[in-house]
Amino acid sequence: MQAFLEEVAEHILKHYPDDTGNICLVTPNRRAGLFFRKHFAARVRKTMWAPEVVSIEDFINRLSGLNICDPLNLLLSFYEVYKKEEKEKARPLDDFIQWAPTLLKDFDDIDASMPQTQALFDLLQEAQRIKHWNPDGSPPTPFQQDYLAFFRQFNTYYKALRSTLLATNKAYQGLSSRVAAENSEADAPELPWKKVIFTGFNALTQAEERIIDKLITLGKAEYIADADP
């Protein structure tokens, strides 16, 4: 049985025989790109340029023009934002790192899904208020008040971190995806290739879907699914 990436290699050679060097193949990860190069090289019978092969994350980062922060620098940047917002109420770094990585992961997922962040954080806050409502009508305990106040700050943290990162041309991956999607919806992206081929995906984030749909609509891309007809 022919491997899917072998089919992709044959598709490119059949439909773009004289433009292989002007094709960009976008795969779910870099490992898939290595296997594609092997299959493509095995089918080439003359000297030609190979397509450029990039992972979806690398492709998105090119579109956004942002540099991805490594986890440690992102955490420290968030801590600086946290201290600036909380001032004298800020907890020491030892306490901060107990919950901050989880919240950063949530920010990443939120941006990749592209909801209206204000509405989302408002909904989350209301859900927590209901969760900590006392049926006997008694007011929230000091602990509950602190917990609810913590949730109220999520949107503040998110907006401040986003602003701080973008001011220095940095991002986490979800934010980079959101910026790339918003930019592509506003303007036709400038691409150095004649055609971008997205292939091998079994799941896409909302930001990735918007980018791909926009490029297909503009006639700059096609999508090859790894699925039965």
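This is a predicted model: local features need pLDDT of at least 70, side-chain atom pairs count only at pLDDT 80 or more; totals for chains, interfaces and linings use all residues.
A polar contact of 2.5 Å joins the side chains of Asp111 and Tyr172. Asp111 lies in helix α5. With a relative accessible area of 0%, Asp111 is buried, because buried means under 20%.

What does Asp111 touch, leaving aside residues up to four places away in sequence? Its contacts are Tyr158, Arg162, Tyr172, Gly174, Leu175 and Arg178. Gln173 is another residue to look at here. Asp111 and Gln173 stand 62 residues apart in sequence, yet their C-alpha atoms are 8.7 Å apart in space.

Stay with helix α5, which covers residues 93-113. Phe96 and Trp99 both belong to this helix. They sit three residues apart, about one turn of the helix. In general, an α-helix has 3.6 residues a turn, so residues three or four places apart point the same way. The rings of Phe96 and Trp99 form an edge-to-face aromatic pair. Their centres are 5.0 Å apart, and the angle between the planes is 70°. Phe96 counts as buried because its relative accessibility is 0%.

One aromatic cluster is formed by Phe78, Tyr79, Tyr82, Phe96, Trp99, Phe107, Phe121, Tyr157 and Tyr158. Tyr158 links back to the opening of this tour, as one of the residues that Asp111 touches.

How many aromatic pairs does a search of the whole structure find? It finds 17. Among them, Phe59 and Phe198 are edge-to-face, because their planes meet at 90°, over the 60° cut-off. The centres of these two rings are 5.4 Å apart. This pair links distant parts of the chain. Phe59 is in helix α3 (residues 56-64), and Phe198 is in strand β5 (residues 195-199). The two are 139 residues apart. Are they buried or exposed? Both Phe59 and Phe198 are buried.

Now turn to helix α2, residues 30-43. This helix has 14 residues. From its first C-alpha to its last, α2 reaches 21 Å, close to the 20 Å expected at 1.5 Å a residue. At the start of α2, a side-chain oxygen of Asn29 comes to within 3.3 Å of the backbone nitrogen of Arg31.

Which residues of α2 are buried? They are Ala32, Gly33, Phe36, His39 and Phe40. Seen down the helix axis, the buried residues of α2 fall within an arc of 125°, so they line one face. They pack against α1 (4-15), β1 (23-27) and β2 (52-55). The face turned away from this buried side carries exposed residues: Arg30, Arg31, Leu34, Lys38 and Ala41.

Most residues other than glycine have a negative phi. Met114 has a positive phi, near 60°. Its place is in the loop between α5 and α6 (117-131). Met114 is buried, because its relative accessible area of 9% is under 20%.

Asn169 also has a positive phi near 60°, again in a residue other than glycine. Where is Asn169 found? It is in the loop between α8 (154-167) and β4 (170-171). Asn169 has a relative accessible area of 36%, so it counts as partly exposed.

Definitions and conventions
Residues are numbered from 1 along each chain as its sequence is written. Side-chain values use heavy atoms; hydrogens and water are left out. Helices (H or I, at least four residues) and strands (E, at least two) are DSSP runs, numbered from the N terminus. The expected span of a helix is 1.5 Å times one less than its number of residues. Buried means under 20% relative accessible area, exposed over 50%, partly exposed in between (1.4 Å probe, protein chains only). The arc is that of the directions from the helix axis to the C-beta atoms. Contact means heavy atoms within 4.5 Å. A polar contact is a pair of N or O atoms within 3.5 Å; within protein, one must be able to donate a hydrogen and the other to accept it, and residues adjacent in sequence count only if both atoms are side-chain atoms. Rings of Phe, Tyr and Trp (its six-membered ring) pair if their centres lie within 6.5 Å; planes under 30 degrees apart count as stacked, over 60 as edge-to-face and the rest as tilted.
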